[in-house]
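Please read them with the coordinates open.

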Amino acid sequence: MFATRLFWTDILVISGAVFGSQFLWFGFQPVEVATDGAFDVRLGYSAVSVFLVLAWMLILDVFATRDHKVIGSGTLEYKRVTDATIRLFGLFAIVAFLIRFELARGYFLTALPVGLLLLIVSRWAWRQWLRSQQADGSHLSRALLVGDLQKSAHVAETIQRTPGSGLLLVGALTRGGTTGQELLPGVPVLGGYDDLLLALDESSADTVILTGADEISPADMRRLGWELEARDIELIVAPALTDVAGPRIHARPVAGLPLIHVSYPAFEGAKRVSKRLFDIVGSAALILMISPVLIGVAIAVKRSGPGGVIYQQERIGRLGATFGMLKFRSMVQGADDQLESLLDAQGTSDTPLFKVTNDSRITPLGRVLRRYSLDELPQLFNVLFGRMSLVGPRPQRAAEVALYDDAAHRRLIMKPGMSGLWQVSGRSNLSWDDSIRLDLYYVENWSLTADILILWRTVRAVARPDGAV
């Protein structure tokens, strides 16, 4: 069982971090720690380490970090691990202060970040293993959709286009129940609502996804739950909410009704300040770390042909404000003057995502820069000065924004990003609809945890490029 693997890995990781910290600071010598106050307690650091390991494992259980509903996909698992660890060490520090327990600060402050980092990395590694197993057809839940045809098709499309859902759709039951047709390719209609138990047996399904049907009464729904419980089959109810992440959904029972509350996205206040601080610290650190690369690329661009080293292009930022987005020049001088004619020639001047196929304006050096996204590095200064974010919606030209519908305009609520879901989910190969869907999902559900994961996935996407951003 996947959760069991995580349990034993957590023990090894936490024990390694805690006892490793003890060895780092005290070696193999037995060292006592004592209270300086009303409580007279004397313990060796080994006893403290054992207690810390047990407390850490306990709080990971309390925060449900190994719940099968959150492990293996999404960011909620990582967020719970982070919250549990920070709260444990906060509580530990408060108790130590109150009883005047003289713990060495180095021991304490080393175990926390190292343990948290190793937990996140181990969870990520197990997730990659799980993905490979699911790609081979194992560790998948066989799911049967029950509900109206249109609603079931929408849920099926969402599941199929999202990797790592852990669900294999084996069939659907609809109101008409017309067998012989398919809900989607590979998802046959197995009958009507009355055929549920027979369909479960024939498809060997272990999960039922209720997508919504007016014909199923509350009494029928209750009986359905009882029958599924007797067969140990999981029941999932898919609300009619599109691209709303779990942390924004809160169940609140009222008079026996499991009402769902949906929190609105928060773009102001502490969250916005924390995102801005993350951008400042992250961009400044990256500029210092890669300064030799910046200098080297600048020299190469200068020697590659006539034209400036830095290319500045007007893009649309937060709330529709324009700004100059910086790039290393990757095209010949005067490339912008040729764009309209090239788009007209390939018949895409009236569609968003202005991309020229086999663009002859790109220099040989520019192709290398674009392949590894090196031309994007000057945007770190856009981030540092507050016009962009490390992670956000894709920055686009005014002519592209002019083609937005009402839904697409919502992506302008946040600053555009150097990277984003659009980049780590397909880069240049995405369609316009997919790009907007991913940007809107990010805007509606952003968090610092998600930003960190997207940046990590960006590094992997750049290391294994499949197209220029």
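**Notes on the predicted model**

1. Tryptophan 456 comes out as partly exposed, because its relative accessible area is 40%. This is a predicted model, and the values here are computed from it. The partner of tryptophan 456 is tryptophan 124, in an edge-to-face aromatic pair with 5.6 Å centre to centre and 80° between the planes. The pair links distant parts of the chain. Tryptophan 124 sits in helix H4 (residues 105-135) and tryptophan 456 in helix H17 (residues 448-463), 332 residues apart. Tryptophan 124 also counts as partly exposed, at 26% relative accessibility.

2. Now the other rings. The structure holds six aromatic pairs. One of them joins phenylalanine 7 and tryptophan 8. Their ring centres are 5.3 Å apart and their planes stand at 85°, so this pair is edge-to-face. Phenylalanine 7 is partly exposed at 29% relative accessibility, while tryptophan 8 is exposed at 53%. Elsewhere, ring pairs link Phe2, Trp126 and Trp129 into a cluster.

3. The overall counts. The protein has 469 residues, and 42% of them are buried. Its secondary structure comes to 17 helices and 14 strands. Of the contacts with a separation of 6 or more, 71% are between residues 24 or more positions apart.

4. Helix H4 has 31 residues. From its first C-alpha to its last it reaches 45 Å, close to the 45 Å expected at 1.5 Å a residue. Just after H4 comes glycine 137, with a positive phi of about 95°.

5. Which residues of H5 are buried? They are Ser152, Ala153, Val155, Ala156 and Ile159. They cover an arc of only 165° around the axis, so they lie on the same side of H5. Their cover includes strand E3 (141-147), strand E4 (167-173), strand E5 (182-184) and strand E7 (207-212). The length of H5 (residues 149-160) also checks out: twelve residues at 1.5 Å a residue should span 16 Å, and the end C-alpha atoms are 16 Å apart, which agrees.

6. Leucine 145 lies in strand E3. Is leucine 145 buried or exposed? It is buried, because its relative accessible area is 0%. Leaving out residues up to four places away in sequence, leucine 145 touches Ser152, Val155, Ala156, Leu169, Gly171, Ala172, Leu173, Leu183, Val187, Ile209 and Thr211. The C-alpha atoms of leucine 145 and alanine 156 are separated by 8.0 Å, with the two residues eleven apart along the chain.

7. Next, a helix pair. Two packed helices are described by the angle between their axes and the distance between the axes. For helix H8 (residues 270-289) and helix H9 (residues 291-303), the axes come within 4 Å and cross at roughly 65°. Ile287, Leu288 and Met289 in H8 meet Ser291, Pro292 and Leu294 in H9. The residues of this contact divide into five nonpolar, one polar and no charged.

8. Arginine 248 deserves a look. Arginine 248 is in the loop between strand E8 (234-237) and strand E9 (249-254). Why does arginine 248 count as buried? Its relative accessibility is 11%, and buried means under 20%. Beyond residues up to four places away in sequence, arginine 248 touches His261, Val262, Ser263, Tyr264, Pro265, Glu444 and Asn445.

9. Two backbone points to check. Serine 204 has a positive phi of about 55° although it is not a glycine. Serine 204 is in the loop between helix H6 (196-203) and E7, and is partly exposed with a relative accessible area of 47%. Leucine 319, also a residue other than glycine, has a positive phi near 60°. Leucine 319 is in the loop between strand E11 (310-316) and strand E12 (322-328). At 63% relative accessibility, leucine 319 counts as exposed.

Technical notes. Residues numbered from 1 in each chain as written. Predicted model: local features only at pLDDT ≥ 70, side-chain atom pairs only at ≥ 80, totals over all residues. Heavy atoms only, no water. Axes fitted to C-alpha atoms, helices over the stretch in contact; angles between N-to-C directions. Contact = heavy atoms within 4.5 Å. Nonpolar A, V, L, I, M, F, W, Y, C, P; charged D, E, K, R; others polar. Phe/Tyr/Trp six-rings, centres within 6.5 Å; stacked < 30°, edge-to-face > 60°. Buried < 20%, exposed > 50% of the residue type's maximum accessible area, 1.4 Å probe, protein only. Expected span 1.5 Å × (residues − 1). Arc of directions from axis to C-beta.
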